[in-house]
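Subject: Structure handover and findings

Dear colleague,

Please find below the structure for your review.

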Amino acid sequence: MEFRKEMETSKILIGGKVDESIVEIRYDPLTLQTSRIVKKRIPLALGDFEEEIMNSKSSCPFCNERIEELAARDPEIMNGKLWKRGECIAFSNILPYSKYSLILRIADAHYLRLSEFKSFHFFDAFKLIQDYLRKLPTQKFYISIGMNYLKSAGSSVMHPHIQLVVSENSTDFFARLDWSAFEFMELNNRDFWSALVEKEKDGERYIGRTKKTDWLSAFAPKGFLHIIGIPEEREFAEMSDEQLSGFSEGIVKILKFYEIKGFNAFNFTFFCGDKLGNHFRTNFHIVARTPFSKYYWNDVFFSKLFHDESISFFTPEEYANELKSLW
Ligand SMILES: [Zn+2]
């Protein structure tokens, strides 16, 4: 496992003197995909968006007063019913991204500050996802669980919700992870993620542990404050309650940290290892997105869209250290 980085020094003339900036190009230790770390202050325009909250709430399809009427149903696996657990309600995505595509509305509240998310919001959704996965036909699927929160993270609906995407075909990056992990297993006789935890455990990117889960910053981040969660239990549908609460508690800690850092929006995803083979362990990734406000800036530009090159303005070793002190 190699942690390769290259440096480029850039000179700019500003205010009558020459300033040097370092750009770090880092190679992901598994996929070799590159990311750039650019030291820049981003405009954290945390403006008020009370108006947006009120406007979107008045017609929100996920609020309690409308959800029964508006939610699309799954006619096969869920027999046309909504599934509920605590505040969580599961139903079909009206815009499916795959053969089985669900929405899990995770909170009664239409809007939550990042520090207001509780571990039960995630835990209950994960339990319903497990119930759903266990009813699927016994074949190989690529399972991902994702969340976009607020418009600057790509979410069209403000109300906190998670998406489950179960597909017979992998996404582009999931395929890359799958074959890179297969190759790693062939060479090292163990799965990449457990090897990563062992290698990083005492290092400067290791953050800490929740039940059955290790947390570390990504060496080659795919976004702002990219943190990875690695479970002891490999397949999502088979995970114990202890494992699921380990994930839920870790997510809540990270969201609190994001709020402290001035963020309010985020994306996360699980790449689930279910039925993919011993080389693949479920792995979880979360990044903060440009704070949502009235005139927010979109942080996905040509670099990410066409080159698939992520740009981060934060150094993984530095934010791991900050979060560790709060963990
Ligand atoms: Zn709502």
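Strands (E, at least two residues) and helices (H or I, at least four residues) are DSSP runs numbered from the N terminus, and two strands pair if DSSP finds at least two bridges between them. The model is a predicted one: local features need pLDDT of at least 70, side-chain atom pairs count only at pLDDT 80 or more, and totals for chains, interfaces and linings use all residues. Residue numbers start from 1 along each chain as its sequence is written.

I begin with the hairpin of β2 and β3. Six residues lie between these two strands, and Leu32 in this hairpin takes a positive phi near 65 degrees. Strand β2 (residues 17-27) pairs with β3 in the antiparallel sense over five bridges, and Glu24 stands opposite Ile37 in β3. Strand β3 also has three bridges to strand β14 (residues 310-312), and this pair runs parallel. There, Ile37 stands opposite Ser312.

I turn next to the open sheet. Its 10 strands pair antiparallel in the order β4-β5-β6-β8-β7-β12-β13-β11-β10-β9. Because β4 (83-85) and β9 (206-210) stand at the edges with a single partner strand each, one side of each is left without a neighbour in the sheet. From one strand to the next the twist averages 20 degrees, where axes are lines fitted to C-alpha atoms (for helices over the stretch in contact) and angles run from 0 to 180 degrees between N-to-C directions.

Within this sheet, strand β12 (residues 265-271) has seven of its seven residues buried, so it is largely enclosed by the rest of the structure. On one side these are Ala265, Asn267, Thr269 and Phe271, and on the other Phe266, Phe268 and Phe270. Six bridges join β12 to strand β7 (residues 142-149) in antiparallel fashion, with Ser144 as the bridge partner of Phe271. Strand β13 (residues 283-289) runs antiparallel to β12 over seven bridges; Asn267 has Val287 as its bridge partner there, and Phe268 stands opposite Ile286.

Kind regards

Technical notes:
A residue is buried if 20 or more other C-beta atoms lie within 10 Å of its own, exposed if 12 or fewer, and partly exposed in between; C-beta atoms are placed from the backbone.
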